[in-house]
Amino acid sequence: MVSFGGDMIDTEGVPTGGPITFSDMMCSRGANFFFAYQTPKVVNIRSKRIGAMYRLVQAAIIAYVIGYVFVWEKGYQETDRVESSVVTKVKGIIRTKPPYPLGLQIWDSVDFITPAQENNAFFIATNVLATPNQQQATCPEDKNVGIGGVRCASDEDCPPDTQIVNGNGFRTGTCSNVTGTCEILAWCPTEIDVRPVPPVLAGSENFTILVKNHIMFPKFGVKRRNILEDMNATYLANCRYHPVQHPYCPIFVLGDVLKLAGESYSSIAERGGVMGFVIEWNCNLDLSVNSCLPVYHFRRMDNKDDKLAKGWNFRYANYWADENHVERRTVVKAYGIRFVFNVYGKAGRFSPVVFAMNLGSGLGLLGIATILCDFVLLNCLKNRQTFQEFKFLRMESKYLRRDSGKRGSTSGAGESISDSESPRQHNPNNRRPSASPNQRYRPYSNNQVQTHIDDVTHSSPSLLLHPRSIVVMNGGPENGNGHIAYSESSSVQLTPHLWNIWKMSEASAEEPRNFAATVFTLLFSYPTPKVVNIRIKRIGLMYRLVQVAIISYVIGYVFIWKKGYQETDRVMSSVVTKVKGVVRADLSHPSLGGHIWDSVDLLVPSQENNAFFITTNLLVTPDQTQGNCPEDPNIDVGRVSCVTDSECVAGGAVTNGNGFRTGICRTEVGTCEVSAWCPTERDVRPKPPVLTGSENFTVLVKNHIMFPKFGVKRRNIPDDMNATYLASCRYHPTRDPFCPIFIIGDILRLAGETYDAISDRGGIVAFIIEWYCNLDVSESQCKPVYSFRRMDTTDEKIAKGWNFRFGHYWTDSTALIGGLFNWHT
């Protein structure tokens with residue numbers, strides 16, 4: 001109950017007597033909040049056209065929810081993404097013959113798979129170009145390389161100790177009369193760079209590839225692999241993948257893979273290319289785990305019609321020492337096919353929570369039918385005005401106050417507007433009927449006629465009565481006219497139009513129904529919620545502001561910024577890099593050996609999966625052999641020092657040591673003798689870095705991408721670039737944002753670092769290529785955006801930077817010899 005100027009009105013609008021307290025009012029409001037149920041009032045419109053449209057839209061939505069959401073997309077399942085690892089084993093042999101520079105030679109998988117292992121990728125050489133027996137010396141510069149300054153007429157054209165951009169070494173100050181180019185200090189002879197035609201490794205289309213793919217769905221604890229449980233050694237020895245006959249055989253023939261990707265071996269072998277090897281795992285774990293099986297797809301990722309920098313190739317070197325211990329190398333430029341594995345998929349298992357959420361979302365979509373039918377009903381039909389009168393109930397803010405005009409006087413927080421409280425009721429003079437301050441309102445009569453009038457007065461502007469003023473029916477309709485009393489005194493006219501509506505409603509209510517009529521009414525009637533339009537400035541303003549905020553979010557963020565109207569696809573990508581530059585090592589350092597280092601020496605390994613490594617500092621321990629030598633006294637973990645042999649137990653090893661003790665104490669250094677690669681490694685980092693100068697190296701980045709769902713291929717070297725542009729352009733984020741050639745020093749500066757700060761101990765820099773493509777616009781607008789960040793931190797106190805070790809091996813007449821390299825970048 002709530003008190004209005006001395007009158008007691010209960011929460012249902014019925015007056016009561018006696019005063020109420022604040023606690024009574026709060027209890028009443030609380031009871032209404034917890035125990036009241038509110039349901040929308042429905043206007044049932046009998047229209048065949050609207051009813052049929054309503055049911056058809058509902059049927060389409062239900063078909064979408066059941067057919068697509070639940071059956072096709074399995075919207076009743078909780079899902080998990082796949083985690084994967086791939087390893088490959090390639091088998092095959094081929095033979096090269098003269099005039100190939102290395103002559104007659106047998107190549108097996110160890111030779112043409114470079115590097116031996118990559119992360120989710122592998123490379124098969126199909127064509128090679130070798131430059132054998134290079135050594136550190138002086139020779140003429142290659143006249144086909146470099147940018148400017150290659151040709152010379154006299155020694156004055158060759159300033160000493162200078163470098164030709166993209167050249168092979170440093171000028172000595174002499175002009176060669178034989179070639180007309182400057183003499184350089186470099187690996188000589190300079191590299192041969194004429195691609196063999198036809199490919200020298202033809203025949204690799206018959207190679208077999210064993211693919212071992214291990215996957216896991218961690219949320220469900222399910223592990224699978226593509227070599228199935230029912231396979232045995234005999235089957236694996238004889239099966240070859242075929243999409244119909246052997247769809248689960250994990251052994252593939254290279255030529256077959258190319259055919260399934262729509263390519264031929266001859267079209268790709270000469271220059272190389274990039275193949276996408278896709279393994280798809282989509283598993284329904286509501287069935288048996290054994291039904292979780294892989295599906296293979298193959299696509300060529302690079303474009304064979306590229307006009308510039310076509311195909312795929314990289315360089316690597318084999319090192320050895322001759323009988324005079326002069327270090328030599330053979331540089332190999334390898335063309336071939338890079339297979340990039342992309343393993344994706346998901347597993348699903350029934351979840352009642354996910355099922356309930358998708359079911360609720362699907363039912364919510366049924367509101368689209370109401371929105372569409374309401375739009376047609378209220379805007380497109382001839383009698384739309386009549387439908388509007390039935391649907392909308394308008395309330396002015398003045399009707400929320402008592403007749404005394406006091407602001408804020410309402411019927412209480414839990415009060416609802418009843419059928420007889422039409423806000424649009426008014427007297428014939430368009431004035432609000434007067435009432436005495438002490439007048440008591442009475443409940444409505446239960447008379448059937450009164451009930452019909454209540455329904456009609458809500459629906460038509462022809463009869464508008466003040467809230468709670470209808471009390472009795474004084475007389476019936478005569479010749480289409482009748483009267484309704486206000487508090488047993490005031491009255492308004494019941495128009496003939498309204499009388500006809502009332503009579504139709506009454507006749508409809510009394511009409512007998514059968515099953516067929518009920519079904520017909522259900523199919524061709526349209527129920528729509530009735531709307532109460534409350535005119536209150538504060539509430540209306542808040543409502544519109546919230547609407548504007550939501551609409552701005554949907555239009556501005558969801559549709560414009562996030563392009564929520566588009567279907568999307570994930571990018572498949574492969575990157576190859578070509579680094580150019582030479583540096584001169586500090587000859588005063590005794591461990592460095594050769595003093596000219598080019599990109600073949602500094603890139604270790606020669607090829608990585610979407611990464612590359614440039615050496616900026618190194619420590620070399622040359623000419624190690626298997627033997628006995630003193631343990632390094634600088635190892636401080638465990639006991640390494642000794643005075644007598646008893647302290648060097650034979651066969652034991654020191655933690656982090658270099659070998660196994662022989663039982664002898666080498667008193668000249670005070671450490672135990674070990675059986676190891678001797679002499680033991682030198683591990684004192686050079687300061688300053690010995691390979692300064694690599695900040696001027698250039699990096700050509702070739703990035704091939706594909707959006708498989710849309711069949712779109714792109715690369716960061718577009719067709720409108722030419723060789724002249726590539727020879728001279730250098731990336732700049734503003735002046736030249738699409739140039740694919742980068743300077744190492746510029747990359748570091750754009751990442752907020754300096755070369756001097758990172759070259760001593762090394763570090764990790766992320767090279768990010770973003771492809772956000774709006775394919776509704778021209779495909780040519782799909783372009784890369786580059787950004788750079790340092791990934792490691794500079795304030796680390798221990799194990800700072802980035803370094804690793806590797807060895808070079810060769811043999812002389814008496815022993816296996818190696819060289820240990822500790823590299824920093």
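How many residues has helix α8, and how far does α8 reach from its first C-alpha to its last? I started my notebook there.

**Ground rules.** I am reading a predicted model, where local features need pLDDT of at least 70, side-chain atom pairs count only at pLDDT 80 or more, and totals for chains, interfaces and linings use all residues. Residues are numbered from 1 along each chain as its sequence is written, and side-chain values use heavy atoms, with hydrogens and water left out.

**Helix α8.** I found 13 residues in α8, residues 367–379, reaching 18 Å, close to the 18 Å expected at 1.5 Å a residue. (Helices are DSSP runs of H or I with at least four residues, strands are runs of E with at least two, and both are numbered from the N terminus; the expected span is 1.5 Å times one less than the number of residues.) Next I looked up which residues of α8 are buried, and A369, C373 and L377 are among them. (Buried means under 20% relative accessible area, exposed over 50%, and partly exposed in between, with a 1.4 Å probe and protein chains only.)

**Salt bridges.** I searched the whole structure and got 21 salt bridges. (Each is a side-chain nitrogen of Lys or Arg within 4 Å of a carboxyl oxygen of Asp or Glu.) Side chains of opposite charge can pair when their charged atoms come close.

I then picked three pairs to look at.

- E191 and R315 meet at 2.7 Å, N to O. E191 lies in the loop between β11 and β12 and R315 in strand β17, so this pair ties together parts that are 124 residues apart in sequence. Both E191 and R315 are buried.
- D601 and R329 have their closest N and O atoms 2.9 Å apart. D601 is in helix α14 and R329 in strand β18, so the pair links parts that are 272 residues apart in sequence. I noted that D601 is buried, and so is R329. Salt bridges that share partners also join E191, D193, R315 and K333 into one network.
- R224 pairs with E229, and their closest N and O atoms are 2.7 Å apart. R224 counts as buried at 6% relative accessibility, while E229 counts as exposed at 60%.

**Backbone notes.** Which peptide bond is cis, with omega near -5°? I found that bond running from C188 to P189, and P189 lies in the loop between β11 and β12. V197 and P198 are also joined by a cis peptide bond, with omega about 0°, and P198 lies in the loop between β11 and β12.

I also checked phi for N133, which is near 55°, a positive value in a residue other than glycine. N133 sits in strand β9 and is partly exposed at 42%.
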